[in-house]
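Thank you for asking for a reading of this model.

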Amino acid sequence: MALDRTDDRPLSSQLADVLRSEIHDGTRPPSSQLPTESKFHEIYGVSRTTVRAALQQLVNEGLVVTRKGYGSYVREQPPIRRISSDRRHAIHRASGKPIFDTEVIERGHLPSRRMLQVGEAKAPSDIAQWLQVEPGGSVIVRCRLQLIDDQPTCLSASYFPLWLAKGTRLEQPNALPEGPDNTIEALGYKFARGVEVLSARMPAPEEARLLRLPPGVPVVRLLDIDYDEQGRTLQVADDLYVGDRHEFLYEWAETQPEVVTR
């Protein structure tokens, strides 16, 4: 596709449009190498400065990665599906593993995690509200970096009230092979209902470092709040997902109307 030099838009933006379209339609598949600067000049008659500006746009959008000394490549973006439904807890009960692990394994990938913090801490104000404790009140927290095929994909922090978690395996410094949800149920508590709050934003510098994010990639924050039959909060899971590595599937089923016989 030729660039239009009579167009008011910069040539770098036009070149970025061409490459973006080719990435989205599969002409340039994930992991494929983009042409060199000299090749771009040969094809489109543009300067190295123009090429670099175009590529930088795509880097900022999370579509391209540049490896020093190796060139530029279309970024791999295999989505991991995170399912939300009334069957979520049944899934981890059946597998005996954390929900994260179960969903990743089902899609042919290898899950792992690195523990970042475990123990008693002060609850952030928004977490405290959901957890039904005073702002700044003490809770048990488990923070970990979740990985898929050794690639960081999620920063996960689970908060538990002291009355539930103090003195239990939820304070264990190592990862729980069965996951926190199964641990809670093993303590004799039952999940009755849940609330999920989804939002998106750009990552903070430390979040970007831990998740190894290139510029331009957003994160999706998912708060998962679980209650027991008495309406007490059992846990608040605060998960920060890499935006372009996940998709979120929400299922619902209409309840069957009660049939009244005469």
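**Notes on the predicted model**

1. Helix 1 is largely enclosed by the rest of the structure, because 10 of its 14 residues are buried. Here buried means under 20% relative accessible area, exposed means over 50%, and partly exposed lies in between, with a 1.4 Å probe and protein chains only. Helices (H or I, at least four residues) and strands (E, at least two) are DSSP runs, numbered from the N terminus. This is a predicted model, in which local features need pLDDT of at least 70 and side-chain atom pairs count only at pLDDT 80 or more, while totals for chains, interfaces and linings use all residues. Residues are numbered from 1 along each chain as its sequence is written, and side-chain values use heavy atoms, with hydrogens and water left out.

2. The buried residues of helix 1 are S12, S13, Q14, L15, A16, V18, L19, R20, E22 and I23. They pack against helix 2 (37-44), helix 3 (48-60), strand 1 (64-67) and strand 2 (71-74), where contact means heavy atoms within 4.5 Å. Helix 1 covers residues 11-24 and reaches 20 Å from its first C-alpha to its last, close to the 20 Å expected at 1.5 Å a residue; the expected span is 1.5 Å times one less than the number of residues in the helix. Just after helix 1, G26 takes a positive phi of about 90°.

3. Helix 5, residues 99-106, is also mostly covered, with six of its eight residues buried. Those buried residues are I99, F100, D101, T102, E103 and V104. Helix 5 is followed by G108, whose phi is positive and near 80°.

4. Positive phi values also occur in residues other than glycine. Q132, which is not a glycine, has a positive phi of about 65°, and Q132 is found in the loop between helix 6 (125-131) and strand 5 (138-148). With a relative accessible area of 48%, Q132 is partly exposed. R212 is a residue other than glycine with a positive phi near 55°, and R212 lies in the loop between helix 9 (205-211) and strand 8.

5. Strand 8, residues 219-227, contains R221, and D226 has its place in strand 8 as well. The side chains of R221 and D126 are joined by a polar contact of 2.8 Å, a polar contact being a pair of N or O atoms within 3.5 Å; within protein, one must be able to donate a hydrogen and the other to accept it, and residues adjacent in sequence count only if both atoms are side-chain atoms. Not counting residues up to four places away in sequence, R221 touches D126, I127, V197, L198, S199, D238, D239 and L240. D226 is buried, with a relative accessible area of 2%, and a polar contact of 3.0 Å joins its side chain to that of Q235.

6. How many aromatic pairs does a search of the whole structure find? The search finds three, where rings of Phe, Tyr and Trp (its six-membered ring) pair if their centres lie within 6.5 Å, and planes under 30 degrees apart count as stacked, over 60 as edge-to-face and the rest as tilted. One of them joins Y241 and F248 edge-to-face, at 5.3 Å centre to centre and 80° between the planes. Y241 lies in strand 9 (residues 233-242) and is buried at 6% relative accessible area, whereas F248 is partly exposed at 22%.

7. The charged end of R67 sits over the ring of Y73, 4.3 Å from its centre, and the charged end of R193 sits over the ring of Y227, 4.1 Å from its centre. A charge sits over a ring if NZ of Lys or CZ of Arg is within 6 Å of the ring centre and within 35 degrees of the ring normal.

8. A disulfide is counted as a pair of cysteine sulfur atoms within 2.5 Å, and by this rule the count comes to zero. C143 is in no disulfide, and the nearest cysteine sulfur, that of C154, is 11 Å away. C154 is likewise in no disulfide, its nearest cysteine sulfur being that of C143, 11 Å away. C143 counts as buried at 14% relative accessibility, and C154 is buried with a relative accessible area of 1%.
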